[in-house]
Amino acid sequence: MSSFDLAGERPKPSHFQPRLDEFNLHEAWSTWNGYKFAEYYYEVEFEYFCVRNLCGTYDISPMQKYIISGPDAEAMLDRMVTRNVKKMKENRVSYVLWCTNEGRVIDDGTIFRLGPDEFMLTCGSPSTAWLKKSCVGFDDLTIRDRSDDLAGLSLQGPTSCAVLKKMGLAGIENAKPFTIHYFEFGGAKLMVSRTGFSGDLGYELWIDAEHALSLWDAVYAAGKDYGIHPYGEQATNMLRLEAGFIMPGYEFNEALKTVNFQYDQTPYELNLGWMVDLKKPHFNGRNALIQEAQRGPKYTLTRLDIEGNKPADGSFIYNSKKCKTDIGYVTSAMWSPVVKANIALAMIETKYLGGELWAEISYEKELRQYYKVARCSAQDAPFWTPERAKLTPPADV
Amino acid sequence: MSQYDAIIIGAGHNGLTNAAYLAKAGLNVLVVEKNDYIGGAAVSRELHEGWVYSNCSYVCSMMRQSLHRDLDLSRHGLMLVPYLGTVNFADNGDTLLSYHSEAAAYNELKRISRHDADAMFRIQTDLTRYSQVIRKTLLRTPPDPTSFKPRDIHELLFLAKEFWSLGEKELYEYIRFFTLSAADFLDEYFETDIVKTSMAGAGIIGTALGVYSPGSSYILLHHVMGDVDGSIGAWGLARGGMGAISNAIASALQSYGGEIRTNAPVERILVKDGKASGVALSNGDVLNADIIVSNLDARRTFTQIMEKEDLPPGIYEKAANYKIRGSSGKVNIALSGLPKFNNVPDNPYVNRGGQAFSGSLETMERAYDCWKRGTWSDDPFIEGVIPSAWDPTVAPPGMHWMSNFIQYCPPELADGPWTEEKRDQFGQTVIDKIERYSPGFKDLIVHMEVRTPWEIEQEVGLTEGNIFQGELTIDQLLFNRPFPGYAQYRMPVKNMYMCGSSTHPGGGVSSACGANAAREILMDLRRPNTVPEDDCYDE
């Protein structure tokens, strides 16, 4: 093999790669946006518990990060996303969705308002082309793609605030959820937002890529006595499901990547109608969403608590125990170790939501396949909502 | 008029569970507790500022998941966190590390013996098979084998079906297993002492048996049949210490309208016309109730807080002869740093879970010999755990606490009762032994609490400090627990019940005894059952 040139085959290393390599004992890598990305480092449940019980870090550098600045930036973003960007205050973060003209969800992400005319948009999938389309008519702005040169490290869990305090980030305990704060770090500017994807107390740290390793080292030195450990994609998937957060590829199919008609979703179907501001003037998908709001969504993403302890991955949902008429499907499912419940998110035909819900769950026992029919109950609140996630200042543990 | 529908004596985790289920069913319940804190042996106590000891029970694997879920204990503040990495220390200084990944665990065993590495798969398979059957009985009331009531026949058939499903060969093996010693059982699988020893500790913890005593193999199973989130054999810690379990159950109880009164030792269970009618507290208060539930052990219940003449003939003697022997001690140590152990790599996944100072089968048996002679071994079996490495709430950052469970420690010494001086000598023996494996350990000690069976009995109320509320031998298991004929939680006096670990399924922080007893009480009251089934049936 040595005579081949395979460089192009290899995923790009993360800005934190040398440190990630030390922890990834089983070479459990996948990729995200071309970057090497950990499925897990040591073991999925171990990492999950680090976040729920101590704290963990998640490499969010492969996320797409666009700096949008200029007098037209606010108006452009406001037309692009369904929430009202004009109401956003400086140094605040907002969770947003953006849709096609047909009102189908392209992606979700976060907008950071860095200044009166400066924003950062982060999202899971590359969005340069869509952003360019969205800029038509707004000439007085620039878009800088910082996806490759801005490193991001998410620090989540009950001891995360204590770690940042120990690191010397004075006053971090006063940071309220969805706020942005700046600190001087080794001659560089460190941006810290109280945001995350775990449903728990947590922060995201942003710094120019060349300072990534020293940031890592400082965080890990401070976190030594607080149980800090990196966590990968699989633990993240558990955490976000408990928090009731959606994931592309599970709850929604990105509209621009959807082949079949209406196999993508509207915000209302995703139970995210609260994120659509129909009162604001035109924004992308508005007309379609007005209609959808009046008509009501065909499907509604529903949180389910399912009897028994077999996760309902891939299950159909029925309106009776006899399982004659299927009325929906499970998008994500797991046994929740902290809630001690068999939880799931499911897309269910809205008209059936008031009635009985049953899941047909298949499972395996020493190669033999079994199935069972389990009663489901729809839940109003997210499965995991600890007080500390909203508390300011949070406790140290 | 009774003041309460039911009074539960003892705010240990089973008493609280029992009360919670009765309150959930709409009963007006009161839990009375002798101490000024609740929890019994599932308790967290700050005995040195900044350190929270789980000073009795210290790890958890038996807690029934369906009860945790049904009582919504997570919402009431309970989080069970699995911990990893136990090191077994042999007499000659060798260590056996329990890695979490199957590959690493296999390689570690292979380093010692290729044979034993292979045999580990076989014993884990067999133990899982044995566990599966027992696990299905935990949240069921044992049948009365002499009864012709449809329910008893139904339950007997259930048991028969479960055992028959093992197949003929395994059924024979299982029956034999119940009477084997842990050492004999392990001999059938392994050839090296360190591997046997690493598993033998589970066969003696909490019991007045040795590794070579018949019946200790069941104790081993009792310690490995638990689970954390379905992972059988795994052990967890309660975030905030074991008291977090009791506190969460108490919070659930209170949410259903139940009451708890602390500082309220019961002097007598009052019996009128052959029926339990209330309790007399030691401060003279008399509280009436239609139902009295004792969460105390069988010996204490019938010989300490009941009048002999209130009991049918023979019960007092049964209680007096009930096997509940003190055999364990506990040394809780606050440390200024994480101890380092000889022959253990600086690997956070293996060096801060459990430390089993088991030595060898021979050493364990010699320690048992000492217990029989009314003294303690100068080389005891110690099971250490460092909860603070996993739980940020129980020690200051960077500092630790180590729970040490010591087998054996006699309830009374050959030369007389325990004294403070002798207790301190016992504690010294323990830290001397740990120091041998961890030079510098003593320098880390900030505070230490030494508990012999005497302290455990005085503080918690467990007779002789027996952690299981009675030995887990086959003569005291299933329909024999606590006594034949009284295994269905109803006691010989009408309207009186038991709900502690003296009843089926026995010791361990499972909440099963309390929940099962509640189911029986509700049945007698012709109330709808509020106690869920176990959720292990489709394993």
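The largest nonpolar core of this predicted model has 276 residues. Such a core is a set of buried Ala, Val, Leu, Ile, Met, Phe, Trp, Tyr and Cys residues joined through C-beta atoms within 7 Å. Buried means that 20 or more other C-beta atoms lie within 10 Å of a residue's own, with C-beta atoms placed from the backbone. B:Ile7 and B:Ile245 have the most contacts inside the core. B:Ile245 touches B:His13, B:Ala42, B:Cys60, B:Met63, B:Leu78, B:Ala238 and B:Val509, not counting residues up to four places away in sequence. Contact requires C-beta atoms, placed from the backbone, within 7 Å.

The model is predicted: local features need pLDDT of at least 70, side-chain atom pairs count only at pLDDT 80 or more, and totals for chains, interfaces and linings use all residues. Residues are numbered from 1 along each chain as its sequence is written, while chains are lettered from A and ligands numbered from 1 in the order in which they are written.

Strand 1 (residues 4-9) of chain B is largely enclosed by the rest of the structure, because 5 of its 6 residues are buried. Strands (E, at least two residues) and helices (H or I, at least four) are DSSP runs, numbered from the N terminus. Strand 1 pairs in the parallel sense with strand 14 (residues 286-294) of chain B over 5 bridges. Pairing requires at least two DSSP bridges between two strands. B:Ile9 stands opposite B:Ser294 in strand 14. Strand 1 also pairs with strand 2 (residues 29-32) of chain B, in the parallel sense, over 4 bridges. There, B:Ile8 has B:Val31 as its bridge partner.

Strand 6 (residues 86-90) and strand 16 (residues 354-359) of chain B run parallel, joined by 5 bridges. In strand 16, B:Gln355 is the bridge partner of B:Val87.

Helix 15 (residues 453-460) of chain B has B:Pro453, B:Trp454, B:Ile456 and B:Val460 buried. Its buried residues pack against strand 15 and strand 19 of chain B. Just after this helix, B:Gly461 takes a positive phi of about 100 degrees.

Between the chains, 21 residues of chain A are in contact with 19 residues of chain B. Helix 2 (residues 44-53) of chain A gives the most to the side of chain A that touches chain B, with 4 residues.

Conventions:
Contact = placed C-beta atoms within 7 Å. Buried ≥ 20, exposed ≤ 12 C-beta atoms within 10 Å, placed from the backbone.
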